[in-house]
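Please keep the sequence and the structure in view while reading.

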Amino acid sequence: MLYETIKLSEKYGATLTTYVASDTPELNKTPRRAMIVCPGGGYHFLSDRENEPIARFYMAKGMNAFVLRYSVEEKATNYTPLIEAALAIKHVRENAEKYNIDPNYVFIVGFSAGGHLAASTGILWNIPEVREALGDAPEGIGKPTGMVLSYPVISAGPKAHKGSIYRLCGTQTPTEEEANRFSLELHVDATTAPAFIWHTVEDKTVPVENSLYLAAALRENNVPFEMHIYPKGVHGLSLGNEETACGKPSLLVEHIQSWAELSYKWIMEF
């Protein structure tokens, strides 16, 4: 297995850790599809429960996975995490032969604020800030093939996870115009990447309306999506199993464990 951590850019601080299977003549699957993992943490920290366990799940399904550790706190302003995620997608595509992946099938999965970041790559992929950061690279090289969004932060409106939006804006008192730059349901158009979305009704940290707003915007713009709303479960469930529950009963929810397998089946339909 190729396991290494690389710095994506001298200007930006994000790193990408590779989970790339080593194929042999006997055990050969060429080329594989790629999954970039964006852990959550409110743009305040990066959750360990939502990075390597997720990479290992998709790797076990036959994909090659990459964990993105993006900028947080005061470094998260000015679209920095989005630019870093776009650079990560670009890097994976440009190194498709090295990583034994098909550059036409580069997906991204994110959780909570990481879900906001993953969704941003598929919605805001062509804003001027991203185009400038990618230089003369081909248009769309930083746009994912599809995005898997797990209890994502989406809206900057009344149902917002305010901490995430404040960190992106760089202030706790953003104007409506400043906040709306990051209210992703307002920016969906026909070029938005297809999405797989899941959430729980009981989520009090990032209300389920975030996913519902996004789904409505995707439907209005005829963007394909699949969505699963589970009735039970707190915020931050990750895989919902014993590994990611870390001994906390509230994070062990068998019913939601189906999301991961369903997302893989969705990916394989492309």
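## Terms and model

A residue counts as buried when its relative accessible area is under 20%, as exposed when that area is over 50%, and as partly exposed in between. The model discussed here is predicted.

## The cavity

A search of the whole structure finds 1 cavity of 30 Å³ or more, and the volume of the largest cavity is about 50 Å³. Its lining includes Y43, Y79, H116, S120 and F182, and the lining residues divide into 8 nonpolar and 2 polar, with no charged residue among them.

Helices α2 (80–94) and α4 (113–123) each supply at least two residues of this lining, and the largest share, 3 residues, comes from α4.

## Salt bridges

The structure holds 7 salt bridges, and three residues, E52, R56 and E243, are linked in a network of them.

Elsewhere, the side chains of E202 and K232 form a salt bridge at 3.4 Å, N to O. E202 lies in the loop between β7 (195–200) and α8 (209–220), and K232 in the loop between β8 (225–230) and α9, so the pair ties together parts that are 30 residues apart in sequence. With a relative accessibility of 33%, E202 is partly exposed, whereas K232, at 51%, is exposed.

Technical notes. Residues numbered from 1 in each chain as written. Predicted model: local features only at pLDDT ≥ 70, side-chain atom pairs only at ≥ 80, totals over all residues. Heavy atoms only, no water. 1 Å grid on protein atoms, 1.4 Å probe; cavity = no way out; pocket = protein on both sides within 12 Å on 5 of 7 lines; lining within 4 Å. Points joined across faces, edges and corners; volume = space filled by probe spheres on them. Helix = DSSP H or I, 4+ residues; strand = E, 2+ residues; numbered from the N terminus. Nonpolar A, V, L, I, M, F, W, Y, C, P; charged D, E, K, R; others polar. Salt bridge = Lys/Arg side-chain N within 4 Å of Asp/Glu carboxyl O. Buried < 20%, exposed > 50% of the residue type's maximum accessible area, 1.4 Å probe, protein only.
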